[in-house]
Amino acid sequence: MPISDLVIYKPDCIRFILLLLSRKCLTLTICVEMAFEIDNLPYAYDALEPYIDEQTMRLHHDKHYAGYTNKLNSAIEGTALAGQSIVDIFSDLDMDQAAVRNNGGGYYNHSLFWKVMGPGKGGEPTGALRGAIDRAFGSFRGFRGEFSQAAATRFGSGWAWLCVRNGGALCICSTPNQDNPLMPGGCEGMPILGLDVWEHSYYLKYQNRRLEYIENFFNVINWDCVSQLYEENKQA
Ligand code: MN3
């Protein structure tokens, strides 16, 4: 009974067509729920040196982020959440569902975090995003101060965010643990920049000096990426 053909006709479905010797045709369709994938870093582990060290990036990406992603997939497997986008999962999230809340946040937050950093970056944003920053915070300096304050004053573990609201206005907020602005009770914007202030993101290099880590984060922000996210989401 040779398998004569194998046709992928939907991204998440595979159809096997078995041609039987008797010339009867049997079609078997298997739909596989797509799992959330661990994004590769878009640069080398040591690319953000000297601001973020290689060992921290290896542990942070390969252990922490991979762990969140795998546990998220386990938590939603076989449930009504499987197959939904992560944004849809957050929009109607039961905050008492700790496994989805914590690991879903851990997956989404870090996937964004890797993208908004890069080697040889930093500096200041330009274009439409710069205009929106100046309108919301008075100046880039004003933005930098307010964002740094949100990151510095987050008690314990969490994140600082720059978000865009429908219409293009910007806001800054902070969330505890792996929560984010897309979850119920968040600041109702789409995150376009996030800073992880969990100790696992800086302690090996900076120990207790979170302020120095925040200061140096501005040397690796990929404003081209943040601008692109701004453009894609300002009218969402
Ligand atoms: Mn982290």
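**A chat about the fold**

Student: What order do the elements run in, from the N terminus on?

Tutor: The protein chain goes β-β-β-α-α-α-α-α-β-β-β-α-α-α. Helices (H or I, at least four residues) and strands (E, at least two) are DSSP runs, numbered from the N terminus. This is a predicted model: local features need pLDDT of at least 70, side-chain atom pairs count only at pLDDT 80 or more, and totals for chains, interfaces and linings use all residues. Residues are numbered from 1 along each chain as its sequence is written.

Student: And how many helices and strands is that?

Tutor: Eight helices and six strands.

Student: Which residues of helix 7 are buried?

Tutor: In helix 7 (residues 210–217), they are Tyr213, Ile214 and Phe217. Buried means 20 or more other C-beta atoms, placed from the backbone, lie within 10 Å of the residue's own.

Student: Why are they on the same side of helix 7?

Tutor: Because they cover an arc of only 100 degrees around the axis, taking the directions from the helix axis to the C-beta atoms. An α-helix has 3.6 residues a turn, so residues three or four places apart point the same way.

Student: Okay, what covers those buried residues?

Tutor: The cover includes helix 5 (140–152), strand 6 (190–196) and helix 6 (203–206).

Student: New topic: how many residues are in the largest nonpolar core?

Tutor: It has 45. Such a core is a set of buried Ala, Val, Leu, Ile, Met, Phe, Trp, Tyr and Cys residues joined through C-beta atoms within 7 Å. Strand 4 (residues 158–164) gives the largest share, six residues.

Student: What does Ile192 touch?

Tutor: Its contacts (C-beta atoms, placed from the backbone, within 7 Å) include Leu162, Val226 and Tyr230, leaving out residues up to four places away in sequence.

How values were computed:
Buried ≥ 20, exposed ≤ 12 C-beta atoms within 10 Å, placed from the backbone. Contact = placed C-beta atoms within 7 Å.
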